[in-house]
Amino acid sequence: MISIEGLSKIFTSDKKKITAVDDLTLSINEGEIFGVIGYSGAGKSTFVRLLNRLEEPTGGRVVMGEKEITTLNSKALRLTRQDIGMIFQHFNLLWSRTVEDNIAFPLEIAGISKTKRKEKVQNLINLVGLSGREKAYPSQLSGGQKQRVGIARALANDPKVLLCDEATSALDPETTNSILDLLVDINEKLGLTIILITHEMHVIRKICNRVAVMESGKIVEQGDVLDVFSKPKQLVTKKFVEQVMGTNDEDDSMDYLLQTYEEGKIVRLHFVGEITNQALISQLAKQFEIEINILQGKIAQTQAGAYGTLIVQLEGNEEEINKATSFIQDETSVEMEGFGNG
Amino acid sequence: MGDFFSNLDTQDLIEATYETFYMTIVSLAGTLILGIMLGLLLYMTDKDGIWQNKYLNLITAAVVNVFRAIPFIILILLLFPFTNLLVGTLRGPTAALPALIIASAPFYGRLVEIALKEVDKGVIEAAKSMGAKTRTIIFKVLLPESMPALVSGLTVTAIALIGYTAMAGAIGAGGLGNYAYYFGFQRRDWDIVLVSTVLIVIIVFLFQFIGDYITKKLDKR
Ligand SMILES: Nc1ncnc2c1ncn2[C@@H]1O[C@H](COP(=O)(O)OP(=O)(O)OP(=O)(O)O)[C@@H](O)[C@H]1O
Ligand SMILES: [Mg+2]
């Protein structure tokens, strides 16, 4: 477990004081993928950099496992850093070294013998899917491949924690997805804790178990990704949720739907984790004598299941429709709202 | 035509060429070591550097600037006592070495500093995040990552050095400059001046060519 207590960082530049991280308290469980999201300037980068003390904290404590990071002397800090991998937005590879030599670098720092290094590097190259590119220089790789090298390098000394600062922000959506899949894969295979900084909600949605929303150096909201998605409290959080789910213009279109589809009953279904929408719809169609017409909807997949809403029209005789709606309310975890007509 | 080159003595010419090479290469080696040390000191003690130290930085910068400001010909004269103490003579190619190194090391030091400043801060930070020692950062990150610029800077310095050797030659240090001045210019034997000049130009081209070639080979960006 990583516990962060009252962590703060104040920068002083030109006699002006900037509080980048403000009395931040947080705990992160072992083996989870923890996301921190916030707009530019929220203090996210400063926050991760405080965790391995690339930035010296102005106050507060960081404890990883049994080690109190914030009180280590410089030698102990250096050794501890070998247990904390880090990947960067701009990859930060050494252009003068090949893929394999870049990955070997942290092993050289840790004083691993040459034969051991070779074996380790080969395993890492296979793990991140770069076999055949060992001898390439970073300039000969695509962004996604460079980040794979970055990830392999960060994993070289078998860290317990992986820090990711905007690791996918310089990549296109497809490459982003493949890197995120790799991170989930690594999290499951190696059981390491991942702390991931981003300003993109879909990154959080796709791989995080828990999320903290950061604004002006503070955590303004945190919780399970699904809870934060379904019940965002703060305005910033709502805006981030809209990045993935679209704006809440459904209520305007509800009147339009009610006018257009006069038959049967129109219901809105809220999916919050676990149950997948396909299964519910096909179950309803099989069990009840009704027609189901999907009118509008938006569903997103998170690590804890599907989340979103679906507006459907139920047609058939009134008794069957009522049976179907009570089935939804009583037998499933899907929340339902009914509208007019029926 | 045959008469024009009548004053040339092949043996003397070879000797002078050898001395020019000797002075250039030995002083280049000294410049390389001293220049890298100065450049690293300037870079590391600078603001936000690993050894950030305002005073040390100011002192180093002052020393570098003073030695760069003194014209070479005056520097040689000023260094006479020091040279005498160090090599026991004021004449010949070896006597020129201290002045050559002291004149070009600060120049190269500045080029080294510029080269180091071009190294991506992110890469240094990545090395720190892996737990690298300062020594590792210097030898495995800073120097390799700035290698093309270090070599091209060294090429520029080498060419300036060849010019300095010729100047040093004019006050008795030997080499092609010495040969051209004493045997050519003073005796009005223009063939000697011409051939010496051509040889110096060829040596300059040679260094430039080798330097460019190595720089290109090293640059994997
Ligand atoms: N070295 C520094 N000196 C002075 N101020 C700094 C320094 N680093 C960061 N800051 C300030 O701290 C605040 C937080 O910066 P930080 O880089 O942590 O934000 P961020 O959330 O990572 O933003 P982005 O999404 O743009 O990367 C900003 O106001 C920034 O100007
Ligand atoms: Mg940032």
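**A glutamine and a sheet in chain A**

The side chain of A:Q147 reaches the backbone oxygen of A:A167 at 2.7 Å, a polar contact, that is, a pair of N or O atoms within 3.5 Å in which, within protein, one must be able to donate a hydrogen and the other to accept it, and residues adjacent in sequence count only if both atoms are side-chain atoms. This is a predicted model, where local features need pLDDT of at least 70, side-chain atom pairs count only at pLDDT 80 or more, and totals for chains, interfaces and linings use all residues. Residues are numbered from 1 along each chain as written, chains are lettered from A and ligands numbered from 1 in written order, and side-chain values use heavy atoms, without hydrogens and water.

A:Q147 sits in helix α5, residues 143-155; helices (H or I, at least four residues) and strands (E, at least two) are DSSP runs numbered from the N terminus. Is A:Q147 buried or exposed? A:Q147 is buried, at 0% relative accessible area, where buried means under 20%, exposed over 50% and partly exposed in between, with a 1.4 Å probe and protein chains only. Beyond four places in sequence, its contacts (heavy atoms within 4.5 Å) include A:F88, A:L171 and A:I179.

Now the sheet. In chain A, 6 strands form an open, mixed sheet in the order β6-β7-β8-β3-β9-β10; two strands pair if DSSP finds at least two bridges between them. β6 and β10 of chain A stand at the edges with a single partner strand each, so one side of each lacks a neighbour in the sheet. Strands β3 and β8 of chain A pair in the parallel sense over 5 bridges, and A:V36 has A:I197 as its bridge partner in β8(A).
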